[in-house]
Amino acid sequence: MSAVANAMRLDADKRAREVLTPEGLSLPMTIASRGARAGALLLDLLFIFLGFFVLIMILAFAGLSLFTLEMGEATGPMEAVGVLFILLIFLSRYGYFLWFELGPRAATPGKRLLGIRVAARPVDGRTATRLTPAMVIARNLVRDVEVFIPSFFLIGGGEQAGVAGWAAFVWLAVFVLFPFFNRDNLRAGDLVAGTWVVEASHAKLKDAMSVAAPDRSSEYRFGAAELAVYGEHELQVLESVLRHGDDNAMSEVAQAISRKIGWQYGGADDREFLESFYAALRAHLEGGMRFGKRKADKYS
Amino acid sequence: MALPFFSKRNEITPPADIEAASLRSDRFRLEREVDWQRLDAVVTALEKGRPRRIADEDVLDLPVLYRKATSSLAVARETSLDAATLDYLESLVRRAWFQIYGPRIGLIGWLRRFLGGGWSAAVRGIWLDICIALFLMVAGSVVGWLLVARDSDWYYSLVPGERSGGRVPGASAEALRETLATQDHGQGLTIFATFLFSNNTGVAILAFALGFAFGIPTMLLLVYNMVSLGAMMWVFAQAGLQWEFSAWLAVHGTTELLAILLAGGAGIHVGRSMAFPGNRPILAAAATHGTRGAEVMAGCTIMLIIAALLEGYVRQLVGSPATRATVGGVMLAFWLLYFMLPRAPVEKG
């Protein structure tokens, strides 16, 4: 369990980037994981597929069957349906991604659901640049050789075509596997367009910790030596435990802390104890910060 | 959640009791919270694409609110250890940054600037690659002609069976003339035109997208397509129909071949930047060339719509070679003038 959590944190650290805004503020970004991107793509393809499925069903109910449609023989409403269909296929292949990524969220529905978006890659690796329509167009035109041609190739049984089939297969695999061979998870389209895909978290502002809990600094007094045991990482773990509010976890943590700082804590009220300790520890560490002293975790 | 919550009408209640907070960093946060949430509401409305929902005073205050949030983040990073507040501020500033420094113009504005000069500037910017693509296309058709002229069996391997439609070496002039004839009615032509458009655009996009691999597949695609055209040209020339065939081809061909030329040029442009990035890092070079190529490609789509309409309607309804050639010539002149006439420079967006 903790090994998995550790691995995930390591992976997230590897994907962390910093860009510099024009205000000179360094803004942390997290590169979207390959899994999230693949998931978003599958979701989008699913939406397109479902859209067509529904459309064909509606047409079938209206008594129009596309399979009897012959080019050049269609007249009247069937001609309109045929035109509509060819245009829709074209638009779903080239227009769907383009339309949504040109919007203010720069994300297709699949990307939105997985909390990622397209952004311009910093030119010199640092200064943030703005996303332009031309970038979005470029990355979506290249999508064709990365997504649609390989899938048509596989569906069409292209791999059975002997040596040429194998050559084509290897060739397309280069495009498909491209994101695995660079550290920003760029696909070929991102490289050509100068974009990358980052996580677009949408955090809600939670309650202030010291307002939710009354001030109990007179009941629980922690000495400087007791507060010197922990660092910022432990403080933030404690914060998440308190915000989560799970009784078992709180009692476990309260036991661990009292053992560590050498208190004979009876376990009367875990939340009260933890909140007081949190407030005292945070005041202590933040006081140190104001003098430029930081303590990252209990080992430092 | 017992947050200072704002309802649909964007009412933000200030925190009740700032002095009650025992921690200094929490007081810092409570004092500024209202401004953050005003910014949050504006950014949310912008993300939803509903800027009209934003109150006037919020729009006026937007730059101030944004700078306040960024400075709050900078201060909070040095004074506060409240992970939730830091996360919120980072996410808020990032979202605000994406909106404020997002594309300034919408699709319509971009299109106007694009047609008013951005496109032709991009086309002029890749002139060298267009010359390479033109050379390849001419060479391809000459090779096709020569191959078939030497041994007409080549024709069957160069032109796939389903594309030839009776246009084979040794066919009588009558049969060949038949393939160039018009339809006497306009039925089904819309489907035909739509099909042509989506098919040709697919080929053009492929030509661009394959440019990523140093442009080599793009070049092969250009040559391959032109070889079969050259071969077909020979078949018609043998039957003495070169003028009719050229006119038949010119109606839409001047537009369509020009679009394919531009798409191929854009693909080579990208490929060239990857093979020879010059002094810049390869990623930066690819990105500049890629976006310029994408502008050219967006225009190619427009050209291919026009080409498909010409091919689907005009060619099927107008029979006389002279009229066909005139239409094709006028289109060619129009495109050349459009791309070559210098216009007032447009600023990049």
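1. Start with how the two chains meet: 78 residues of chain B are in contact (heavy atoms within 4.5 Å) with 78 residues of chain A. Keep in mind that this is a predicted model, where local features need pLDDT of at least 70, side-chain atom pairs count only at pLDDT 80 or more, and totals for chains, interfaces and linings use all residues. On bookkeeping, residues are numbered from 1 along each chain as its sequence is written, chains are lettered from A and ligands numbered from 1 in the order in which they are written, and side-chain values use heavy atoms, with hydrogens and water left out.

2. Together, chain B and chain A bury about 7,000 Å², with 68% of it on carbon and sulfur atoms. Buried area here is the accessible area (1.4 Å probe) that two parts lose on being put together, summed over both. On the chain B side, B:Leu81, B:Ile191 and B:Phe212 supply 12% of the area buried against chain A, more than any other three residues.

3. A:Arg282 and B:Asp26 meet in a salt bridge through their side chains, at 2.8 Å from N to O.

4. Which helix of chain B gives the largest share of the side that touches chain A? That's helix 9 of chain B, with 14 residues. Helices are DSSP runs (H or I, at least four residues), numbered from the N terminus.

5. Next, the largest nonpolar core, which has 82 residues. Such a core is a set of buried Ala, Val, Leu, Ile, Met, Phe, Trp, Tyr and Cys residues joined through side-chain atoms within 4.5 Å, and buried means under 20% relative accessible area (1.4 Å probe, protein chains only). Among the members that touch the most others are B:Trp119, B:Phe212 and B:Met297. Helix 11 (residues 242–275) of chain B gives the most to this core, 14 residues. Apart from it lies another core of 32 residues, including A:Val19 and A:Trp196.

6. B:Met297 deserves a click: leaving out residues up to four places away in sequence, B:Met297 touches A:Leu141 as well as B:Ala204, B:Ile205, B:Phe208, B:Ala263 and B:Ala266.

7. Last, B:Asp35, found in helix 1 of chain B. Is B:Asp35 buried or exposed? B:Asp35 is buried, with a relative accessible area of 18%. Not counting residues up to four places away in sequence, B:Asp35 touches B:Leu65 and B:Lys68.

Terms used:
Buried means under 20% relative accessible area, exposed over 50%, partly exposed in between (1.4 Å probe, protein chains only). Helices (H or I, at least four residues) and strands (E, at least two) are DSSP runs, numbered from the N terminus. A salt bridge is a side-chain nitrogen of Lys or Arg within 4 Å of a carboxyl oxygen of Asp or Glu.
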